[in-house]
Amino acid sequence: MAVGGCLFSRTPMALVRELLRQRRRGLTLARNLTCTEGEFLMVAGAVERIVTAWMSIGLPWGVSKILRHFVESGRVALEEWSHLALGLRFRAAAMGVPFLPTLTMLGSDLIAVGGTKTLQDPYTGATLAAVPALFPDVALLHVHRADRFGNCQIDGYPHMDADIAQAATTVLVTTEEIVSEEETRRHPERTVLPGFAVDALVLAPFGAFPHECYGLYEADFDHFAEYTRAIDARGPTAVADYLERYVYAPPTWGDYLDLFGGERLALQQRRARELVGA
Amino acid sequence: MTAAELLAVVAARELRDDTTVFAGVGVPLLAAALARARHAPRLTLVIEGGIIGPEIAPGRLPISTNEMRAGRRATMLPGITDAFLFAQRGFVDVGFMGGAQIDRYGNINTSVLGTDYWNPKVRLPGTGGANDIASLCREVIIVTPHERRRFVERVDFVTSPAWLRGDGSRRAAGLLFGGVSRVVTTLGILGFDPDSRRMRIEAVHPGVSVATVRAHTGFELVEAAHVAVTAPPSEEELEALRALDPERRFLG
């Protein structure tokens, strides 16, 4: 399962929440920078392996204690790739080729972790890393707007979502807004996922919250601070309690958002507008 | 003046105008923003969230490389993979980043402590874009607190390659260019002997002795023929720096 966005940006939180509610097990998560959603999946027992370049929330909150707990005890395997190498694995799959040559990771110990093979350039004999295509079974993505045919538009930084969508077998998308076909046609240059690459689309306003959605709402850093303080005090139990409160108890996404409250959501919207100068 | 302030000011001086700099968040990005505010107004920042040319706002320092604060007033948002591919193509002059554990050849470990990757004693967050920056930028400058536990004879795991095992092995591995040129620390500035590629003391900060640098380093340092003393941060430098981080998120 590949999860779009990156770190605490445009994480498909509503989809991750639903996956947790369905008590899925035995998953492999692929995500370039893994954030709180990775911790949720670890504590819920949903993932066996995480394929990533980095995992934690961010510098002010230190190394993830959940990461340390689950990886150091051997309960979850963390398969580390460089950020670009993992990006190229999605790109290779998106292009429909078995691997892509690159210079990155050469000479480092990361080469061995994922079993990356090197090859000789058939023209010059130079050494290159051949990073294998990664075709996820399922991709979870969150976008700014989409029409009923699944044509999706993303504002701001696109992260790797287009490659991930093209690479995956099944693509599930949540969107902040559903727009008319006419709206898509007015700005086709903004469409980053064609409808034919999308299998299911769900309307989910604030679908990444408390992570950010570019231009619409900023990530809720106070919420992260509160969350990590609880983990510092009580370890993984704090995350289990968090899941009870935010994932299992509220029956709908609307009920989930009510836990944060309209005022908080409006504040994060104002902050986002300030930051993008809208 | 805090250690982080000294580090940021001295690191900022290492950057030149009209260059393209791939910066990691924290002190490196803060130092790059300081350089832009003072002597390098045409320095182009590249941030691994797929962000080119942002203007970091005072008091709005990004926590991650993938957020609106990092992308503020960017000139281009090409996506993550493509941002790194600009480096692979040779467009990025300087990689500017921190490091958890560093060895005498400048190799960095941000992955695991312990000798078995799959059964680590301590699991660290991982490379993020550090391996790519270290592999693909034309030159890399490391910015780090100088602590004995960080400066080790041999890193447990080479997350980000510098000179690997000394002269020759970086090129032999297939990396066409780049390598760590300098390590800016809270005690001084280190470079690498051009022949052996071993780390060497090139400058100490005011009031710091070579012996102190050695005492805080877990391996034997080469010493440059002439060890310089860095100029202390000026009031103007400190004022500009403090204006960037009024919440003291990274300045301590």
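The lining of the second largest pocket divides into 18 nonpolar, four polar and six charged residues (Ala, Val, Leu, Ile, Met, Phe, Trp, Tyr, Cys and Pro count as nonpolar, Asp, Glu, Lys and Arg as charged, and the others, Gly among them, as polar). This is a predicted model, in which local features need pLDDT of at least 70 and side-chain atom pairs count only at pLDDT 80 or more, while totals for chains, interfaces and linings use all residues. Residues are numbered from 1 along each chain as its sequence is written, chains are lettered from A in the order in which they are written, and side-chain values use heavy atoms, with hydrogens and water left out.

A pocket here is an open set of points on a 1 Å grid over the protein atoms alone, where a 1.4 Å probe fits, with protein on both sides within 12 Å along at least five of seven lines; lining residues have an atom within 4 Å of a point. A volume is the space filled by probe spheres set on the points, which are joined across faces, edges and corners.

| Pocket | Volume | Lining |
|---|---|---|
| Largest | about 1,400 Å³ | 47 residues |

In the largest pocket, Leu59(A), Gly98(B), Gly99(B), Ala100(B) and Arg150(B) lie nearest the centre. Its lining has 25 nonpolar, 18 polar and four charged residues, and α1(B) supplies the largest share, three residues.

Between the chains, 50 residues of chain B are in contact (heavy atoms within 4.5 Å) with 58 residues of chain A. The two chains bury about 4,400 Å² between them, 65% of it on carbon and sulfur atoms; buried area is the accessible area (1.4 Å probe) lost when two parts are put together, summed over both. Met68(B), Arg123(B) and Pro125(B) supply 18% of the area that chain B buries against chain A, more than any other three residues.

Four salt bridges are found across this interface (a side-chain nitrogen of Lys or Arg within 4 Å of a carboxyl oxygen of Asp or Glu). One of them joins Arg60(B) to Glu274(A), with the closest N and O atoms 2.9 Å apart. On the side of chain B that touches chain A, α4(B) gives the most, with six residues.

Key: Helix = DSSP H or I, 4+ residues; strand = E, 2+ residues; numbered from the N terminus.
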